[in-house]
Structure formats: structure tokens, C-alpha cells
Amino acid sequence: MPAEGRDEALLLRSKSPPRGETSMKNQPMGAGEPATKSAVLSPRRETERVRILTETIVMVALSGALYLIKIFTLPQGGSITLGSMVPIFLLALRRGPRIGIVGGIAFGLVALVEDVYSGVEIIFYPAQVILDYPLAFGVLGLAGFFRKIPVLGVGVGVAARFCSHFVSGVLFFASYAPAGVSPFVYSALYNGGFLIPEFVITAAMMVVLVRVKALELYL
């Protein structure tokens, strides 16, 4: 082999990278990205969870405080309050129905404690307590399905709460119905007597909050 050919071959070999380096360079750059991304996103997810938990606690506490401000209370329970459902509706519309239902259930338990402590609530059976508190207040979270139409969500939530109270009235408060009045009619009139004004107050407050873009604020 001529000397010039040997020199060119040696020069090409010296410039070519080792096999290990070639395989490393040809390896796609995205192989190690998922682990890096998960490490970056994990703190963000934890921060968001803490934010949602904090917001839920604050909204439930606000609802409990407003529930204490009663404009009118009926003899067998049920009160017109200063918009005590508004914070739960805000939570549901901002965070979705699942978080809203959880917050509503928590608010129902707070309301139960407040009513029992004040002597307002009449307890007959555990099922009645479930219908009138955790379930009745939990369904307020259904408003989260109507984020684009908040007032409609409020209407659906209040209607669902009415249904829960209505069933409780028919099953456990039929003896309070006046003579000759159907328990169904009595329960509908009784529960509508405080939920309709409560809906009006809540809807008016929600309209104002929507106008000031309260749903877009974050803690």
C-alpha cells in the first residue's frame, strides 16, 4: 500500500469518534426527559393540591359563618340565611363538581353541628340527618357542571337540595302536616318556604360576584 494511502487511512481513523460516543450521540435526546419533567411538575401538583385544600377549608368556614346569620328560621328547621351557600357555589364553579360536592358535604356537617347546638334541628332517624345535611348540602356541588352559566348552576344546586329536603319531609315530618293536607304538599310548601328566598339571595349575590370576576381570583 502506498505511503500516501496509509497516511490518509490513519488520519480518517483518528478523526472518527469511538463507537460508544457514536451510540451516545445517536441516542434520542428525549429519553431522559420524562423523569426530569415529572420532577419539575411534582412540586407544582403538590402546590395545587395544597391550594385547593386551603380554598375548600376557607369556603366551608365562610359558609358556616354565614349560616349563623339567620334572617328567618322555621319551626322544624330550615333557615333563610345571609347567602350561606354562596361560598360553596364559588368553590364548585371554580374547582369543579367533585371538589364542590366534598365542600358541600363538609358544610352540611358544620350546619348540623350549629343547628344541634342552637336547638333548631329535630332529629328522628340517622337517615333524616343524612338527607337534611350531608346529602342536601353536598348536592350544591352539582353547580360545578355549569361553569359557563353560573346562575343556572346555582338553580340546579338549590333544586337538588330541595329534592333532598322534600324526601326527608315526606318520610319523617308527615305528622306535622295539617289535617287534610298531603305530606307531599306540606313538604313542598315547607321547604320551598325557605329555599325560594334563599335562592333569590344567593342568585343575586352570585350575579354580583360574577360581574366582578370573582371566579377568576385565586388565593
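## Overall arrangement

Helices and strands are taken here as DSSP runs numbered from the N terminus, with helices (H or I) needing at least four residues and strands (E) at least two. In this predicted model, the elements of the protein, read from the N terminus on, run α-α-α-β-β-α-α-α-α-α-α, which corresponds to 9 helices and 2 strands.

Of the 219 residues of the protein, 37% count as buried. When contacts between residues at least 6 apart in sequence are considered, 71% of them join residues at least 24 apart.

## The nonpolar cores

The largest nonpolar core holds 24 residues, of which Phe 89, Tyr 133, Phe 137 and Met 206 touch the most other members. Two or more residues of this core are given by each of α3 (33-67), α4 (86-95), α5 (97-118), α7 (134-138) and α8 (150-172), and the largest share, 7 residues, comes from α4. Apart from this core lies another, of 7 residues, among them Ile 80, Tyr 186, Phe 194 and Leu 195. As a general background, nonpolar side chains in soluble globular proteins tend to be buried together.

Met 206, one of the residues that touch the most other members of the largest core, is in contact with Val 86, Phe 89, Leu 90, Leu 93 and Val 154 once residues up to four places away in sequence are set aside.

## Helix α4 and its burial

Helix α4 is largely enclosed by the rest of the structure, because 10 of its 10 residues are buried. The buried residues of α4 are Val 86, Pro 87, Ile 88, Phe 89, Leu 90, Leu 91, Ala 92 and Leu 93, together with Arg 94 and Arg 95. After α4 comes Gly 96, a residue whose phi is positive, near 100°.

## Packing of α4 against α9

How are α4 and α9 oriented where they pack? Helix α4 and helix α9 (residues 183-211) pack at an angle of about 50°, and their axes are 10 Å apart. This angle makes α4 oblique to α9, and α4 passes α9 in a right-handed crossing.

The contact brings Val 86, Phe 89, Leu 90 and Leu 93 of α4 against Thr 202, Met 205, Met 206 and Leu 209 of α9. Sorted by class, the contact of α4 with α9 has 7 nonpolar residues, 1 polar residue and no charged residues.

## Packing of α4 against α5

The axes of α4 and α5 come within 7 Å and cross at roughly 160°. Since angles over 145 degrees count as roughly antiparallel, α4 and α5 are therefore roughly antiparallel to each other, and their crossing is right-handed.

On the α4 side, Ile 88, Leu 91, Ala 92 and Arg 95 meet Pro 97, Ile 99, Gly 100, Gly 103, Gly 104 and Phe 107 of α5. The residues of the contact of α4 with α5 divide into 6 nonpolar, 3 polar and 1 charged.

Gly 103, whose place is in helix α5, counts as buried because its relative accessibility is 0%, the cut-off for a buried residue being under 20%. Not counting residues up to four places away in sequence, Gly 103 touches Thr 56, Val 60, Ile 88 and Leu 91. The C-alpha atoms of Gly 103 and Leu 91 are separated by 7.6 Å, while the two residues lie 12 residues apart along the chain.

Is Ser 164 buried or exposed? Ser 164, found in helix α8, has 7% relative accessibility and so counts as buried. Leaving aside its neighbours within four places in sequence, Ser 164 is in contact with Leu 131, Leu 135 and Ala 136.

Ala 127 is found in helix α6 (residues 126-132) and, at 39% relative accessibility, counts as partly exposed. Ala 127 and Ser 168 are 41 residues apart in sequence, and the distance from C-alpha to C-alpha is 8.3 Å.

Methods: Residues are numbered from 1 along each chain as its sequence is written. This is a predicted model: local features need pLDDT of at least 70, side-chain atom pairs count only at pLDDT 80 or more; totals for chains, interfaces and linings use all residues. Side-chain values use heavy atoms; hydrogens and water are left out. A nonpolar core is a set of buried Ala, Val, Leu, Ile, Met, Phe, Trp, Tyr and Cys residues joined through side-chain atoms within 4.5 Å. Buried means under 20% relative accessible area, exposed over 50%, partly exposed in between (1.4 Å probe, protein chains only). Contact means heavy atoms within 4.5 Å. Axes are lines fitted to C-alpha atoms, for helices over the stretch in contact, and angles run from 0 to 180 degrees between N-to-C directions. Angles under 35 degrees count as roughly parallel, over 145 as roughly antiparallel, 65 to 115 as roughly perpendicular and the rest as oblique. A crossing is left-handed if the near helix is turned anticlockwise from the far one by less than a right angle, and right-handed if clockwise. Ala, Val, Leu, Ile, Met, Phe, Trp, Tyr, Cys and Pro count as nonpolar, Asp, Glu, Lys and Arg as charged, and the others, Gly among them, as polar.
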